[in-house]
Amino acid sequence: MDFSQRIPTLQNRVREGHRLLRRSRTAIATADRILLTSWVSLFEGLGPLVTAATSEEECLQSLGSSEADLLLCTDLLEAGSGVSLVRRARVAYPQLKILMLIQRPIVRTILEAIDAGSDGLCAHQTAGSGTVFAALNAIDSDDQYIDPMISGVLRHGRLGKGSDQGPLAELSLREEDVLRGLCRGMSNREIADALVVSIDTVKSHVGSVLRKLPAKDRTHAVVMAFRDGLVELPARPPRWQGPRESG
């Protein structure tokens, strides 16, 4: 995609978003080392970046001593989770403003992030389109922000449409990951490579998915997933950045 025509708009959004960053003591937490590096570079010449961590506990410990008033995090961390981090940080530091980038845009993660107390939610895949700075502007005005991709997943999801959550409530997040891979027609090897786990681990998760749905085979599981709305597929596939898992 050619972004040339959008350069002035994107630059203006960056300037607007920086207003909050200049006034804040910011903490960042993510398992994505590339994203972490880009965020650290972004803060050159801006307000103080007081914490940069890749795990839940490291970030929480730093929040206690750094007097941060803005937390930027992702749902996936090397240890712990972004949702748990937000929930614990919200209890300990009620005035903290929190923006989460969702790297795995599934209904359960989104609802848990909202329930944990996030002020803003952006899909990791749309971050370059200006949604992060739109979220920062909203948060700066004591408002809340959910970007269009996140709201689209919620709008079409079935998890929040009643108390009967069906088979999805029984699947672990990793099993949901594997089911999404099956729905994309991925092989066990491709799923293992995408999730950075062993093939044996994938096979184990596939077996658990088939038992819990219940489904007689992989094809049946895919049919059930699409028929019953068990899996929400975003417009663009997420970048799986979960921690390495042994078989």
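Is Asp 177 buried or exposed, and what is its relative accessible area? In this predicted model, Asp 177 is buried, with a relative accessible area of 2%.

The side chain of Asp 177 meets that of Arg 104 in a salt bridge, at 2.7 Å from N to O. Arg 104 sits in the loop between strand E4 (97-102) and H5, and Asp 177 in helix H8 (residues 173-183), so the pair ties together parts that are 73 residues apart in sequence. Arg 104 is also buried, at 10% relative accessible area.

A search of the whole structure finds eleven salt bridges. Three of them are tabulated below.

| Pair | Closest N and O atoms | Separation in sequence |
|---|---|---|
| Arg 23 and Asp 140 | 2.2 Å | 117 residues |
| Asp 115 and Arg 87 | 3.9 Å | 28 residues |

Arg 23 forms a salt bridge with Asp 140. Arg 23 belongs to helix H1 (residues 7-23) and Asp 140 to helix H6 (residues 131-140). Arg 23 is exposed, with a relative accessible area of 54%, while Asp 140 is partly exposed at 27%.

Asp 115 pairs with Arg 87 in a salt bridge, which links helix H5 to helix H4 (residues 82-92). Asp 115 is exposed at 62% relative accessibility, and Arg 87 is partly exposed at 35%. Elsewhere, salt bridges that share partners join Glu 56, Glu 57 and Arg 88 into one network.

Helix H5 spans residues 107-116, and its buried residues include Val 107, Ile 110 and Ala 113. Just after H5, Gly 117 takes a positive phi of about 115°.

Conventions:
Residues numbered from 1 in each chain as written. Predicted model: local features only at pLDDT ≥ 70, side-chain atom pairs only at ≥ 80, totals over all residues. Heavy atoms only, no water. Buried < 20%, exposed > 50% of the residue type's maximum accessible area, 1.4 Å probe, protein only. Helix = DSSP H or I, 4+ residues; strand = E, 2+ residues; numbered from the N terminus. Salt bridge = Lys/Arg side-chain N within 4 Å of Asp/Glu carboxyl O.
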